[in-house]
Each structure stands twice: as structure tokens, then as C-alpha cells.
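This report is meant for someone meeting the structure below for the first time.

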Amino acid sequence: MVNNMFEKIKEMLYTFSYVTTGVLFSTALFITIFAKDVTLSVSLLWQILITSCVCVLGNLIYPRREITAKQTVIRILIHYIYINIVVFSCAVFFDWYDVRDIKKSGFMFLCIIVVFIVVSSIVWQNAKRMSEALNNHLKEYQDKKTKYMREL
């Protein structure tokens, strides 16, 4: 149980670094397109970190056990909706821009989906590599055990 908790925390910290990078790129792109001459406050850096942290909390909906494909798709959709709620709530709370502006909100939706897909792909590929490595080690162990038992 404790080991699973540490693994989940490790996974979330790993994801946090990618989410923060994606949010930083999105922020830079958003400002370049929509607010070229704006003077930024250091508080924006804290807002990026806070937003990224709250978005990563959405990872808690994924269990550490196997789930069906249907359950996975549902959780991915819930997670994506959660991230949109977080980002647009932060946009209102931190007064980043008027969320009623269709162009800016559309661009924000686009940034969210791109970051979501990229980060999810990276995290899933890492999990797949780890799973394959564990399965290979398990197979090696079982092969050694079988060989040992035959020698007896």
C-alpha cells in the first residue's frame, strides 16, 4: 500500500514536470500571439506552477490496477474535462484574459488538447516501457526458476 502511494507520487511528480513545460510553452505562445507588448509579473510563474499542480491532481482518477478499455476511455474523458475546468477557472481567477473572447478561448482549448495529448503520450510510453521491463525481469526469473527445478 505504502509502495503504491510512493509510486503514484513519483508518477505525479514526473507528470508535473511535463505538464509545467507544456503550460509554459502554451503561455509563451499565447502571449506572443495575443499580448505581444505586455509586461509580465513574477506572479505569472507562480500561477503556472499552481495551475500545473492542480491539473496533475487529475491523475488520481487512474488506478494502479488494470481497468477495462471502456473504463480507461471514460477516465481519459473525465480527466480532459477536469483539466479544461481547471485551466479556464484559473484564467478567470488569475484574470489572464476575458474567457468570453472566442479566439483566445479557442486557442486555449487547442493548447490544452495538444499538451494533454503530448503529456499523456509521454507518460503512457514511459509506463509501457516500465511494464515491459518488469515483465522481462519476471520472465527471466521464471526461466531461471524452471531451469533450477529441472536440475534437481
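## Helix packing and selected residues

Within helix 1, the residues Tyr-14, Thr-15, Tyr-18, Val-19, Gly-22, Ser-26, Leu-29, Phe-30, Ile-33 and Phe-34 are in contact with Lys-103, Lys-104, Phe-107, Met-108, Cys-111, Val-115, Val-119, Ile-122, Val-123 and Asn-126 of helix 4, where contact means heavy atoms within 4.5 Å. By class, the residues of this contact between helix 1 and helix 4 are 14 nonpolar, 4 polar and 2 charged; here Ala, Val, Leu, Ile, Met, Phe, Trp, Tyr, Cys and Pro count as nonpolar, Asp, Glu, Lys and Arg as charged, and the others, Gly among them, as polar. Helices are DSSP runs of H or I with at least four residues, numbered from the N terminus.

The model is a predicted one, in which local features need pLDDT of at least 70 and side-chain atom pairs count only at pLDDT 80 or more, while totals for chains, interfaces and linings use all residues. Residues are numbered from 1 along each chain as its sequence is written, and side-chain values use heavy atoms, with hydrogens and water left out.

Two packed helices are described by the angle between their axes and the distance between the axes. The axes are lines fitted to C-alpha atoms, for helices over the stretch in contact, and the angles run from 0 to 180 degrees between N-to-C directions. The table gives these values for the helix pairs.

| Helix pair | Angle between axes | Distance between axes |
|---|---|---|
| Helix 1 (residues 2-34) and helix 4 | about 155° | 10 Å |
| Helix 2 (residues 43-56) and helix 3 | about 155° | 9 Å |
| Helix 3 and helix 4 | about 135° | 11 Å |

Where helix 3 meets helix 4, the contact involves Ile-76, His-79, Tyr-80, Ile-83, Asn-84, Val-87 and Phe-88 of helix 3, together with Ser-105, Met-108, Phe-109, Ile-112, Ile-113, Phe-116 and Trp-124 of helix 4. These residues comprise 11 nonpolar, 3 polar and no charged ones. Between helix 2 and helix 3, Thr-51, Val-54 and Cys-55 of helix 2 touch His-79, Tyr-82, Ile-83, Val-86, Val-87 and Cys-90 of helix 3, and the residues of this contact divide into 7 nonpolar, 2 polar and no charged.

Ser-26 of helix 1 is buried, with a relative accessible area of 13%; buried means under 20% relative accessible area, exposed over 50%, and partly exposed in between, for a 1.4 Å probe and protein chains only. Apart from its neighbours within four places in sequence, Ser-26 is in contact with Cys-111 and Val-115.

The whole structure holds 2 salt bridges, a salt bridge being a side-chain nitrogen of Lys or Arg within 4 Å of a carboxyl oxygen of Asp or Glu. In helix 1, where Glu-11 and Lys-8 lie 3 residues apart, about one turn of the helix, their side chains meet in a salt bridge at 3.5 Å, N to O. Glu-11 is partly exposed at 23% relative accessible area, whereas Lys-8 is buried at 11%. Leaving aside neighbours within four places in sequence, Lys-8 is in contact with Asn-59, Leu-60, Tyr-62 and Arg-64.

Arg-100 also forms a salt bridge, with Asp-98, and the closest N and O atoms are 3.0 Å apart. Arg-100 is exposed at 68% relative accessibility, while Asp-98 is partly exposed at 39%.

Asp-95 lies in the loop between helix 3 (69-93) and helix 4 (102-151). Although Asp-95 is not a glycine, it has a positive phi of about 60°, and at 62% relative accessibility Asp-95 counts as exposed.

Conventions
Helices (H or I, at least four residues) and strands (E, at least two) are DSSP runs, numbered from the N terminus.
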